[in-house]
Amino acid sequence: MMRLQFILGKLLRGLLTLLLAVTFVFVVLRVSGDPVSMMLPDDTPPAIVAEYRVSLGLDKSLPEQYVRFIWSALHGDLGYSFRNDRPALTVVLERVPMTLLLGLSGFAITVVIGLLTGIAAALKRGTSIDHAAMAFSIFGHSMPNFFLAILMILLFSMTWRVLPSSGGATWWHLILPAVTLGIINAGTVARFTRSSMLEVLHQPYMRTARAKGLRLTRRVMSHAIPNAAIPVVTVLGLRLGGLIAGAVVIETVFAWPGIGLMLVNAVSQRDLPVVQTIVLLVALTMVVTNFVVDLTYGWLDPRIENRQSKEG
Amino acid sequence: MAIEQSIPAPRSRWVSLKGAGRPRFIILLCIAWLLLVLAVAIGADYLAPFAYTEQSLLNRLKPPAFMGGNPKYLLGTDGLGRDVLSRLIYATRMSVLIAIVGSMIGATVGTLLGFLAAHFRGLVEDIVMVFVDFQASMPFFIIALAVLAFFGNNFELFLVVVGLYGWEVYARLTRSLVLQANGQGYAFAIRTLGVHPIRIYARHILPNILSVLIVQVTLNFPELILVETSLSFLGLGIQPPQTSLGLMLGEGRNYLATAWWTGIPAGIVIFLTTLSISLVGDWLRDRLDPTLKVTEA
């Protein structure tokens with residue numbers, strides 16, 4: 001009962017976010033100017049303009065347009081790209097695999113570096129390992145991703161000439177952007193992992209495990225890490241949802257042909273259907289990942305579910 | 001935790017002295033750097049040896065003085081023969097200006113909405129919180145890009161868009177703090193005296209929650225600099241002939257192979273500034289809100 005209520009609540013919240021995202025796009029699109037005048041040359045005869053308005057449904061009342069807009073968005077009809085006259089959704093979806101490839105590779109690097117650094121720092125608290133790990137964390141947090149990207153290119157592509165700096169043609173091209181993405185996010189993950197581990201290491205059950213005579217590896221692997229995982233999973237999950245958004249800058253610097261690069265180009269060319277498609281796609285991925293994270297969270301720690309469904 | 005703290009005193013004192021002494025020097029360095037950045041931003045007109053738009057096509061891409069360049073151009077010149085040091089100074093002014101004004105926008109809007117939500121409760125609170133949830137679950141960067149795409153770019157719009165970064169955190173924070181404060185004795189006492197709610201909030205509750213909000217500003221500020229410089233770096237923020245640290249690095253990207261000095265200094269300034277604010281912010285947080293220390297350890 002509690003569980004169903006919890007899931008339904010989260011689901012409702014997710015749908016509300018999606019509806020708001022669609023509304024946001026609709027409102028901004030209507031407020032920012034007449035789409036017809038943007039699509040047609042200035043000297044178009046009024047008859048043709050009127051015809052376009054009818055064909056796009058712009059002659060209808062705003063509420064009706066709004067409903068139609070949501071309806072067509074639900075059907076995946078998000079207009080045609082101004083640039084190459086193909087459905088915006090198709091154009092965008094073609095780029096998804098490249099963004100996923102880069103995003104997931106970077107994510108894997110984040111997870112490995114972040115978790116290992118965080119766990120090592122917590123276990124060796126107060127030592128130079130801990131200090132180094134925290135310095136790395138602050139570095140990752142303060143370093144602008146585009147600056148790190150440029151330094152990477154300067155070092156690996158220009159000075160040492162070992163890795164290609166732009167494009168997505170071969171696996172070699174994946175290395176620099178993925179490592180840059182991974183390092184930038186690893187700092188935050190390391191910090192969260194460390195504080196979460198420290199909290200767990202103080203718990204009475206850790207002392208009990210030690211008193212039972214369990215080895216350090218066993219205590220860490222099967223007692224500390226599962227319990228420390230809960231907040232870390234949330235942070236990681238949110239990072240996963242933000243993959244597309246996070247890759248915008250990195251993709252642009254490394255000319256990686258993914259959604260991020262496409263978004264930047266679409267914004268500077270004002271290709272509005274493509275921009276709105278990407279915004280909605282990002283909203284959808286965020287809502288879905290948030291939902292999945294919430295479910296995992298409730299599964300990892302049933303106390304949260306109970307507390308939240310009592311509150312709201 | 002109490003057991004941990006009763007470890008023999010001499011050792012813990014040594015540890016705490018070491019802990020307090022070491023970062024303090026770094027913090028001082030950070031504060032010095034931030035003061036320098038602020039001074040440069042304020043005094044840009046007096047400090048810059050050249051106008052930031054002044055071109056000298058005969059002196060294009062000259063290396064910095066320390067690399068054997070003309071000592072007139074301390075950090076060299078860029079692709080249009082403009083003095084990199086002067087541009088760096090004006091870019092710093094622009095980025096600092098946007099970060100400061102932007103912070104005020106976000107903090108004001110967010111705090112105000114938080115107060116409204118906490119005061120009216122009910123429907124107002126629900127609406128505010130729905131938007132807070134929406135903003136929190138949508139990547140801000142994407143929203144900002146979409147707004148800039150739909151409305152086209154101009155300076156005022158860009159300033160407001162960047163400024164709104166993080167408003168939802170202020171709103172959420174203020175709401176919960178005000179709700180908490182409203183339930184406390186002092187707020188109740190003043191209310192029974194018949195004081196107007198606005199006066200209660202402005203004179204009594206705001207000063208009490210201000211320290212937490214200031215801590216939030218220090219957390220928000222470096223991220224705001226990153227948002228502005230990222231957008232400008234992509235060519236979607238500050239537009240030439242104006243310049244910002246992000247735009248400078250973005251322009252310098254084209255000369256990486258031949259003249260790295262046109263962009264890299266801007267990157268270094270961004271990094272050192274966000275780093276300094278983060279470290280000073282952490283330190284400030286410990287000073288302003290001792291309760292956080294306990295939960296963190």
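Helix 8 of chain B, covering residues 167-182, has 16 residues and, at 1.5 Å a residue, should span 22 Å; the C-alpha atoms at its ends are 22 Å apart, so expectation and model agree. The model is a predicted one, and the distance is computed from its coordinates.

The burial of this helix can be followed residue by residue. Trp167(B), Glu168(B), Val169(B), Tyr170(B), Ala171(B) and Arg172(B) are buried, as are Thr174(B), Arg175(B), Leu177(B) and Val178(B).

In chain A, 40 residues are in contact with 37 residues of chain B. On the side of chain A that touches chain B, at least two residues each are supplied by helix 1 (2-31), helix 6 (128-142), helix 7 (145-159), helix 11 (243-253), helix 12 (259-269) and helix 13 (272-300) of chain A. Helix 13 of chain A provides the largest share of that side, with 8 residues. By residue class, the side of chain A that touches chain B comprises 28 nonpolar, 10 polar and 2 charged residues.

The nonpolar core comes next. The largest such core has 142 residues, and the members that touch the most others are Leu263(A), Val275(A), Val279(A) and Leu145(B). The largest share of this core, 14 residues, comes from helix 4 of chain B. Val279(A) illustrates contacts within and between the chains: leaving aside neighbours within four places in sequence, Val279(A) is in contact with Ala21(A) and Val25(A), and also with Ile142(B) and Ala146(B).

Some backbone features in the loops remain to be described. In chain B, Pro240(B) and Pro241(B) are joined by a cis peptide bond, with omega about 10°. Pro241(B) is found in the loop between helix 10 and helix 11 (245-252) of chain B.

Two residues other than glycine have a positive phi. Ala255(A), with phi of about 50°, lies in the loop between helix 11 and helix 12 of chain A. Because 13 other C-beta atoms lie within 10 Å, Ala255(A) is partly exposed. Arg121(B), whose phi is near 50°, is placed in the loop between helix 4 and helix 5 of chain B. Arg121(B) likewise counts as partly exposed, since it has 13 C-beta neighbours inside 10 Å.

Terms used
Residues are numbered from 1 along each chain as its sequence is written. Chains are lettered from A and ligands numbered from 1 in the order in which they are written. This is a predicted model: local features need pLDDT of at least 70, side-chain atom pairs count only at pLDDT 80 or more; totals for chains, interfaces and linings use all residues. Two residues are in contact if their C-beta atoms, placed from the backbone, lie within 7 Å. Helices (H or I, at least four residues) and strands (E, at least two) are DSSP runs, numbered from the N terminus. Ala, Val, Leu, Ile, Met, Phe, Trp, Tyr, Cys and Pro count as nonpolar, Asp, Glu, Lys and Arg as charged, and the others, Gly among them, as polar. The expected span of a helix is 1.5 Å times one less than its number of residues. A residue is buried if 20 or more other C-beta atoms lie within 10 Å of its own, exposed if 12 or fewer, and partly exposed in between; C-beta atoms are placed from the backbone. A nonpolar core is a set of buried Ala, Val, Leu, Ile, Met, Phe, Trp, Tyr and Cys residues joined through C-beta atoms within 7 Å.
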